[in-house]
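Here is my note on the structure, point by point. Please read it with the coordinates open.

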Amino acid sequence: PRLLNSLPQSGGWLNSVKVVLGFLELALALKFLSNADLVDHWGVLKYELFMGLWIIIFILTALYLLGKIKFPHDSPLSKISAPRMSLAVLFLAFVADLASGFRYDEKAGTYNSLSLLSGLAPPAGYSWLYPNKCPQNLDCEKDYEKALARAKAENKPLFIDFTGYACVNCRKMEEHVWPEEGIIELLDEEYIVVSLYVDDKKELPKELQEIIVSQKTGKTKNIESYGDKWSAFQIETYEVNSQPYYALVSPDEILLNTPAPYTPDADQYRSWLECGLDAWEKTK
């Protein structure tokens, strides 16, 4: 009871906490709306709009903490306390970091991806001004059959990327591991990259929709969207349903090495790619 009595009483400070949490909730709501926008292909909440709205939200949060914006239930602010000032400075520093996300990255062919926002913001290539079809401006495919035909025509192994629009670790790999020296060159020159989005809600053409029976579980599954198709393909072929998940296969669909899950260590990931390439040379 004595400790409870020592706690600060509710008042203006508690209202300030609620207002700041409200701003944070708005920012997080945009993140989840962005996921829906990507998965359903609305094409509304592109990178520029998302980043601009986040910058506005956190500028307003900082101004509120500095007493420049007031709401009806706020108590009069005679002076700004040190914790409140520190928090406002922190939000302004975050705004400056967000603004740096509008720098152009020549190698990626689009905006500079911020490591702090990987998986929170839309992919930098999901843009009105600098769109790109594939991460890091790679010449990738989004359909397995087309990629396989291309691999046979160019006599190159396939790099299969099971990914998702709402996958945080997928964005971390694409934006901060793939561009590393020795990795991007292999993906660009030695492999045919195919990215299969398991959460893609785009509907398949009617003639490609089907009901399949899982060879693993015996259960039936309706294949109505591209995401259903690639998810079933991953589960039936590799017995895994997690993303990101990477597999290296020959044009004859022979697995070249053990598939890899999320691998944030660039050296380890590079070695895995080189191992697959060595296996491909021996296969040839």
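1. Start with Ser214. Ser214 sits in the loop that joins strand E5 (210–213) to strand E6 (220–223). This is a predicted model, so read every value below as computed. Ser214 counts as buried because its relative accessibility is 12%, and the cut-off for buried is under 20%. Ser214 and Ala232 are 18 residues apart in sequence. Their C-alpha atoms lie 8.3 Å apart in space.

2. Next, the salt bridges. Side chains of opposite charge can pair when their charged atoms come close. The count here is eight salt bridges. One of them joins the side chains of Glu145 and Lys229, at 3.6 Å from N to O. This pair links distant parts of the chain. Glu145 counts as partly exposed, because its relative accessibility is 42%.

3. Stay with helix H5. The side chains of Glu154 and Arg150 form a salt bridge with an N to O distance of 3.0 Å. Both residues lie in helix H5, four residues apart, or about one turn of the helix. Arg150 has 17% relative accessibility and so counts as buried. The pair also belongs to a network of salt bridges that links Asp139, Glu141, Arg150, Glu154 and Lys156.

4. The side chains of Arg171 and Glu174 meet at 3.0 Å, N to O. The two are three residues apart in helix H6 (residues 168–176), so about one helical turn separates them. Arg171 and Glu174 are both buried.

5. Now helix packing. H3 and helix H4 (residues 82–99) pack at an angle of about 160 degrees. Their axes are 8 Å apart. Angles over 145 degrees count as roughly antiparallel, so H3 and H4 are roughly antiparallel to each other. Their crossing is left-handed.

6. Check the backbone at two residues. His41 is not a glycine, yet has a positive phi of about 60 degrees. His41 lies in the loop between helix H2 (12–40) and helix H3 (47–65). With 39% relative accessibility, His41 counts as partly exposed. Glu253 is not a glycine either, and has a positive phi of about 65 degrees. Glu253 is in the loop between E7 and helix H9 (266–283). With 46% relative accessibility, Glu253 counts as partly exposed.

7. There is a cis peptide bond to inspect. Which bond is cis? The bond from Gln243 to Pro244 is, with omega near 0 degrees. Pro244 lies in the loop between helix H8 (226–238) and strand E7 (245–249).

8. Last, the surface. A nonpolar patch is formed by Leu33, Trp42, Val44, Leu49, Tyr104, Trp128, Leu129 and Tyr130. Together these residues have about 820 Å² of accessible area. Leu129, one of the patch residues, is in the loop between strand E2 (110–111) and helix H5 (144–154). The relative accessibility of Leu129 is 60%, so Leu129 counts as exposed.

Definitions and conventions:
Residues are numbered from 1 along each chain as its sequence is written. This is a predicted model: local features need pLDDT of at least 70, side-chain atom pairs count only at pLDDT 80 or more; totals for chains, interfaces and linings use all residues. Side-chain values use heavy atoms; hydrogens and water are left out. Patches are made of residues with over 30% relative accessible area and no salt bridge: like charges are joined within 9 Å, nonpolar side chains (Val, Leu, Ile, Met, Phe, Trp, Tyr) within 5 Å. Accessible areas come from the Shrake-Rupley method with a 1.4 Å probe; for residues, only the protein chains shown count as cover. A salt bridge is a side-chain nitrogen of Lys or Arg within 4 Å of a carboxyl oxygen of Asp or Glu. Buried means under 20% relative accessible area, exposed over 50%, partly exposed in between (1.4 Å probe, protein chains only). Axes are lines fitted to C-alpha atoms, for helices over the stretch in contact, and angles run from 0 to 180 degrees between N-to-C directions. Angles under 35 degrees count as roughly parallel, over 145 as roughly antiparallel, 65 to 115 as roughly perpendicular and the rest as oblique. A crossing is left-handed if the near helix is turned anticlockwise from the far one by less than a right angle, and right-handed if clockwise.
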